[in-house]
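Hi,

Here is the structure I promised to pass on. Have a look at it first, and then read on for what turned up.

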Amino acid sequence: MLARADVAPRREPLPHRWHVLQMLRSMHAGHPFIHLWDLSCLTHLDGAPMAVHYFGFLERNGYIVPCAKEGPRAHFYTLSSDGVALYEAGERWWRSLRWPQKYFVIWYG
């Protein structure tokens, strides 16, 4: 069965809410997400050491989009409009939590 055009595509659940929010914060602050070749060890986002683990999730779900390319294999990514919306929703959610809840999310996702 074909999907209707007015139905939004289903998105994957967030793998680890705290780590993804940290990545979105870095990107919203203007740090580029750099992906070199197709090797995960060459993926970098300033201030977010777990970026390598969530690159595929963010790209598959349309939260990041390529904004520049340098050389044959260096791709720079920025937040898409969906990524900005996810960032804003994440910040509202984070502010709504109490400290014990925040500690739980940081450690367990």
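Keep in mind that this is a predicted model. The chain's secondary structure comes to four helices and four strands, and along the sequence they follow the pattern α-β-β-α-β-β-α-α. Of its 109 residues, 34% count as buried.

Let's start on the inside. In soluble globular proteins, nonpolar side chains tend to be buried together. Here, the largest nonpolar core has 17 residues, and Met23, Leu24, Phe33, Leu58 and Ile64 are the ones that touch the most other members. Two or more residues come from each of helix 1 (17–28), helix 2 (51–60), strand 4 (74–79) and helix 3 (81–96). Helix 2 gives the most to this core, with five residues.

One glycine is worth a click while you are in there. Glycine 83 is found in helix 3, and it counts as buried because its relative accessibility is 0%. Between glycine 83 and isoleucine 64 there are 6.2 Å in space, C-alpha to C-alpha, although the two are 19 residues apart in sequence.

Next, the rings. A search of the whole structure turns up seven aromatic pairs. Phenylalanine 57 and tyrosine 63 make one of them, a tilted pair with 5.9 Å centre to centre and 45° between the planes. Are these two residues buried or exposed? Phenylalanine 57 has 4% relative accessibility, so it counts as buried, and tyrosine 63, at 8%, counts as buried too.

Tryptophan 99 and tyrosine 103 form another tilted pair, at 5.9 Å centre to centre with 40° between the planes. Both lie in helix 4 (residues 99–108), four residues apart, which is about one turn of the helix. Tryptophan 99 has a relative accessible area of 56%, so it is exposed. There is also a cluster in which ring pairs link Trp18, Trp93 and Trp94.

Stay with tryptophan 99 for a moment. The charged end of lysine 102 sits over its ring, 4.7 Å from the ring centre. Tryptophan 99 also belongs to a nonpolar patch on the surface, together with Tyr103, Phe104, Trp107 and Tyr108. Taken together, the residues of this patch have about 770 Å² of accessible area.

Last, the charges. How many salt bridges does the structure hold? There are two.

In one of them, the side chains of glutamate 12 and arginine 60 meet at 2.8 Å, N to O. This pair links distant parts of the chain: glutamate 12 is in the segment before helix 1 and arginine 60 is in helix 2, 48 residues apart. Glutamate 12 has a relative accessible area of 33%, so it is partly exposed, while arginine 60 counts as exposed because its relative accessibility is 58%.

In the other, the side chains of glutamate 91 and arginine 25 meet at 2.6 Å, N to O. Again distant parts of the chain are linked, with glutamate 91 in helix 3 and arginine 25 in helix 1, 66 residues apart. Glutamate 91 counts as buried because its relative accessibility is 12%, and arginine 25, at 24%, counts as partly exposed.

Cheers

How values were computed. Residues are numbered from 1 along each chain as its sequence is written. This is a predicted model: local features need pLDDT of at least 70, side-chain atom pairs count only at pLDDT 80 or more; totals for chains, interfaces and linings use all residues. Side-chain values use heavy atoms; hydrogens and water are left out. Rings of Phe, Tyr and Trp (its six-membered ring) pair if their centres lie within 6.5 Å; planes under 30 degrees apart count as stacked, over 60 as edge-to-face and the rest as tilted. Buried means under 20% relative accessible area, exposed over 50%, partly exposed in between (1.4 Å probe, protein chains only). A charge sits over a ring if NZ of Lys or CZ of Arg is within 6 Å of the ring centre and within 35 degrees of the ring normal. Patches are made of residues with over 30% relative accessible area and no salt bridge: like charges are joined within 9 Å, nonpolar side chains (Val, Leu, Ile, Met, Phe, Trp, Tyr) within 5 Å. Accessible areas come from the Shrake-Rupley method with a 1.4 Å probe; for residues, only the protein chains shown count as cover. A salt bridge is a side-chain nitrogen of Lys or Arg within 4 Å of a carboxyl oxygen of Asp or Glu. A nonpolar core is a set of buried Ala, Val, Leu, Ile, Met, Phe, Trp, Tyr and Cys residues joined through side-chain atoms within 4.5 Å.
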